[in-house]
Amino acid sequence: MLNEQLSELLKSMTSSSSSSSALAEPPVRRVGIFGGTHGNELSGVLLVRHWQENGAEIQRPGMEVKPFLTNPRAVEKCTRYIDCDLNRVFDPDSLGRPVVEDIPYEVRRAQEINHIFGPKGSDDAYDLIFDLHNTTSNMGGTLILENSRDDFTIQMVHYIKKALAPELCPALLIEHPSLKYATTRSVAKHPVGVEVGPQPQGVARADILDKMRKIVKHGLDFVQLFNEGKEFPPCTIEVFKIMEKVDYPRNKNDEIIAIIHPKLQDQDWQPLNNGDPLFLTLDGKVIPYQGNCTVYPTFINEAAYYEKKQAFVKTEKIKLNAKHLRSSVSNQSTS
């Protein structure tokens, strides 16, 4: 029954029509799978270590798939980072910073990763990187996109969403004119974040790990089909586009004076309307949301974001479209 369902899924998502109208993109030959970008997010750490020892499940014909532990010192100490957040230092200044004795460990590590998987923005960079993360927020299995015009990535997200259905797989678009992330995965031509939760820091949950594993599997399956010459007709996906980050209420000493309201807690991706409870002060006062449009909060009460002064992220729902897609060089002989 499962094979029949997958067969029908494939038929519905691929096209046998003339390829003349399709957008032809180069085949994806090199794929990185990053774990341990944050050393206390254990699903990716455990999966990458497993795949480094036994990578049969992630290998696909016609491409190199490289599992890689990005922040080994933070993993060893089971902490988010040593000196600074590795997932925020892949900007030109950090990548071009002279290597001196007091350079932060993560900046030095970013330069090493850029050397192996980049250089960022070059033709030599890896084609695709899946960067595996956990969140303490109730986000489920989320895919994070960085470019609203990347037809290949949009098609892959569409495929993964369909393959996982009826299980939800939200997509978060972090493209924003003033919010710059400079992520570890941005070294690749096609960067994809895989954010799965809720899971406490320093803990591994079997259900969360399995969800992450399935997302990676379906992503690699898509790449294999693409490389083998399958065509993917135009598609549309719903994504949550980042609007702004929202801090906790604070006093004049910059101390938090209110926490996430119980009615908002664990309600990632759910609509938040004007007047809905947002925060609760320590003396019991409800602070409501004030806004002229419905928003969809996520990363609600994320433990790692307290230091970043972020209670949650406001998003809006939008649609992304991808063109009819095929590989410019099919790899039929490996199918």
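**View 1. Histidine 324, tucked in with 9% relative accessibility.** Histidine 324 counts as buried because its relative accessibility is 9%, with buried meaning under 20% relative accessible area, exposed over 50% and partly exposed in between (1.4 Å probe, protein chains only). This is a predicted model, in which local features need pLDDT of at least 70, side-chain atom pairs count only at pLDDT 80 or more, and totals for chains, interfaces and linings use all residues. Residues are numbered from 1 along each chain as its sequence is written, and side-chain values use heavy atoms, with hydrogens and water left out. Histidine 324 sits in the loop between β12 and β13 (325-327); helices (H or I, at least four residues) and strands (E, at least two) are DSSP runs, numbered from the N terminus. Look for its partner, glutamate 231: the two side chains make a polar contact at 2.7 Å. A polar contact is a pair of N or O atoms within 3.5 Å; within protein, one must be able to donate a hydrogen and the other to accept it, and residues adjacent in sequence count only if both atoms are side-chain atoms.

**View 2. Glutamate 195, the residue that UniProt lists for "active site".** That label comes from an unreviewed entry; UniProt positions follow the numbering used here, feature names are shortened, and annotations may be inferred rather than shown by experiment. Glutamate 195 is part of strand β7 (residues 190-197). Is glutamate 195 buried or exposed? Its relative accessibility is 6%, so glutamate 195 counts as buried. Setting aside residues up to four places away in sequence, glutamate 195 touches His133, Asn134, Thr135, Met139, Gly140, Gly141, Thr142, Ile144 and Phe299, where contact means heavy atoms within 4.5 Å.

**View 3. The largest cavity, with about 210 Å³ of space inside.** Lining this cavity are 23 residues, and those closest to its centre are Arg88, Tyr181, Glu195, Phe299 and Tyr305. Both β4 (128-134) and β8 give two or more residues to the lining. On a 1 Å grid over the protein atoms alone, a cavity is a set of points where a 1.4 Å probe fits but cannot get out, a pocket is an open set with protein on both sides within 12 Å along at least five of seven lines, and lining residues have an atom within 4 Å of a point. Points are joined across faces, edges and corners, and a volume is the space filled by probe spheres set on them. How many cavities of 30 Å³ or more does the structure hold? The count is 1.

**View 4. Tyrosine 305 and the UniProt "binding site" residues.** The unreviewed entry's "binding site" annotation covers Arg80, Glu195 and Tyr305. The lining of the largest cavity includes Arg80, Glu195 and Tyr305. Tyrosine 305 belongs to the loop between β11 (286-288) and β12 (312-322), and its 8% relative accessibility is why tyrosine 305 counts as buried. Apart from neighbours within four places in sequence, tyrosine 305 is in contact with Arg80, Arg88, Phe299 and Gln310.

View 5. Of the 24 lining residues, Lys161, Leu168, Cys169, Pro170 and Phe240 lie nearest the pocket's centre. Helix α6 and strand β8 (235-246) each supply at least two lining residues, and the largest share, 4 residues, comes from β8. Lysine 161 itself lies in α6 (residues 151-164) and is partly exposed, with a relative accessible area of 23%. Beyond four places in sequence, lysine 161 contacts Cys169, Pro170, Ala171 and Glu238. A polar atom of its side chain lies 2.8 Å from the backbone oxygen of cysteine 169. Lysine 161 and alanine 171 are 10 residues apart along the chain, with 9.0 Å between their C-alpha atoms.

View 6. The 12 residues of α2 (residues 42-53) should span 16 Å at 1.5 Å a residue, and the end C-alpha atoms are 17 Å apart, which agrees; the expected span is 1.5 Å times one less than the number of residues. In α2, Leu42, Ser43, Gly44, Val45, Leu47, Val48 and Trp51 are buried. Their cover includes β2 (30-35), β3 (64-69), α3 (72-77), β4 and α7. Just after α7, glycine 229 takes a positive phi of about 105°.
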